[in-house]
Amino acid sequence: MNDQPYALCLHDADTVLVALRAVPAGTALPGGVTTQEPVPAGHKIALRDLRVGDNVLKYGQIIGAASADIAAGAHVHAHNLGMGAHKQDHAFGAAAHPLPAPEGTAEFMGYHRPSGRVGTRNYLGILTSVNCAGSVARFIAEAATRADLLADFPNVDGIVPIVHGTGCGMSSKGEGYETLFRTLAGYGHSANFGAILMIGLGCEVMQIPDLIDRKALKDSARFRYMTIQQQGGTRATVDKGLSLLRELAAEADKARRAPAPASHLVLGMQCGGSDGYSGITANPALGAASDLLVRHGGTSILSETSEIYGAEHLLTRRAVDEATGRKLIDLIDWWEDYTARNFGEMDNNPSPGNKRGGLTTILEKSLGAVAKGGMAPLSGVYKYAEPIDRPGFVFMDSPGYDPCSVTGQVASGANLIAFTTGRGSVSGYQPVPSIKIASNPDLWRRMEPDMDVNCGDILGGVSLETKGREIFDLMLQVASGQPTKSEAQGFGAVEFVPWQIGAVM
């Protein structure tokens, strides 16, 4: 990094530079400015004098307005930059240009399911309808481990208890119930589960028979269910569960990897612990990989509605039609109301860690986050955990809280996750492998055992196209069975976090 420039201007219209490394006071920078104070790596430096109320531009877009007079060469951050006006022309469909056809073909080795979908892993799932069944689900998984149940079933990747904190104490109708319902049903149909045992308590609001009847969870070979109350208590349920798991494992073990076109990949894209480099390196590199996947007929899912706020116009302009673009704006309107009625505001995001990494407003963070979506047309907009029913680049509504957002993407059909980070997020999302992508070389050096891809070398001259191809190739390898760093460390047991909406009663 010491051979690199101190700062970079990202767009001709920008009024700030981005510090590529820590900049001492008195340093001459591009654009003829000299720093008036030390500026941390990833932070912003004023490229010219700014008056109170002036819009501040980065990526050629508004990231806020000066809340104080700012001299050229000064550090621009939370002490002198606020939200300001940021509404843009939605221009529905104005930039919806089809991507070119791919060069050649792309395949991975996956598990072909009776549904026609293809899994990237072959797990046994223990899915719970309610928090009250969570401990028993884990007891069954622990009993199976002690009995070395999978020793006889080498084609099964493991046993995943899916436990959570809700399922009762809620209304049996409305958006909260329907959101959880879609989430559980989505996991019940996940292509990454070779077979599933579902467990409930028996008296909860989220009734298993309702799930089974409405969402066709009726595969007699690959799906079983029971309730603790009907079975006769904890011990009886664990004993029965162990017996059922053995039957299910025998069925799941029949699966074998076979070639599948990349069109069967459904990629959930996330960013967490973002920094000032994320929107320059990791996110646009993932966007290039996303475009490659879409060109090959696959699906990529952008989410975290609260983290596209202020950049939604860049997506509506790529919508395939006005109706699709308006669905996205309807989500933005819902979020503005949702935060207001809960005494919050959209600019509560970025987090303290994001700000230490150089991000100041949600507008700035969103502009970097949207870069994960590449340049493909926006072909669909979906509710949280709603099944994705078309290929291409799509958007799924979710909070910016990473485990919650990924949970929705997996429920919607994702069989692979790509997760960019600048500060260093550590997590995994069984039953779906998660590729971790570092935005800067310092993070890569410090946390390489947690990171799969180093995008810091983009700062040294590696092109976004080259890095996007590297990520895409790794996606195919991971989809074919290569473990990710998070999988190798055993992550994924606590990251199932359904979005809870509505009153807890």
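Predicted model: local features only at pLDDT ≥ 70, side-chain atom pairs only at ≥ 80, totals over all residues.
**Exercise 1. Classify the geometry of the pair Trp334 and Trp335.**

Solution. Step one: a pair of aromatic rings is described by the distance of the centres and the angle of the planes. Step two: the ring centres of Trp334 and Trp335 lie 5.6 Å apart, and the planes stand at 75°. Step three: planes over 60 degrees apart count as edge-to-face, so the pair Trp334 and Trp335 is edge-to-face.

**Exercise 2. Classify the pair Trp334 and Trp499, and locate both residues in the chain.**

Solution. Step one: the centres are 5.8 Å apart and the planes are at 90°, so Trp334 and Trp499 also form an edge-to-face pair. Step two: Trp334 belongs to helix α8 (residues 322-341), while Trp499 is in the segment after α14 (485-488). Step three: the two residues are 165 residues apart, and the pair links distant parts of the chain.

**Exercise 3. Decide whether Trp334, Trp335 and Trp499 are buried or partly exposed.**

Solution. Step one: buried means under 20% relative accessible area. Step two: Trp335 has 6%, so Trp335 is buried. Step three: Trp499 has 7%, so Trp499 is buried. Step four: Trp334 has 22%, so Trp334 is partly exposed.

**Exercise 4. Name the charged residues that lie over the faces of Phe181 and Phe419.**

Solution. Step one: over the face of Phe181 lies Arg214, at 4.0 Å from the ring centre. Step two: over the face of Phe419 lies Lys436, at 5.0 Å from the ring centre.

Key. Residues numbered from 1 in each chain as written. Heavy atoms only, no water. Phe/Tyr/Trp six-rings, centres within 6.5 Å; stacked < 30°, edge-to-face > 60°. Buried < 20%, exposed > 50% of the residue type's maximum accessible area, 1.4 Å probe, protein only. Helix = DSSP H or I, 4+ residues; strand = E, 2+ residues; numbered from the N terminus. Lys NZ or Arg CZ within 6 Å of the ring centre and 35° of its normal.
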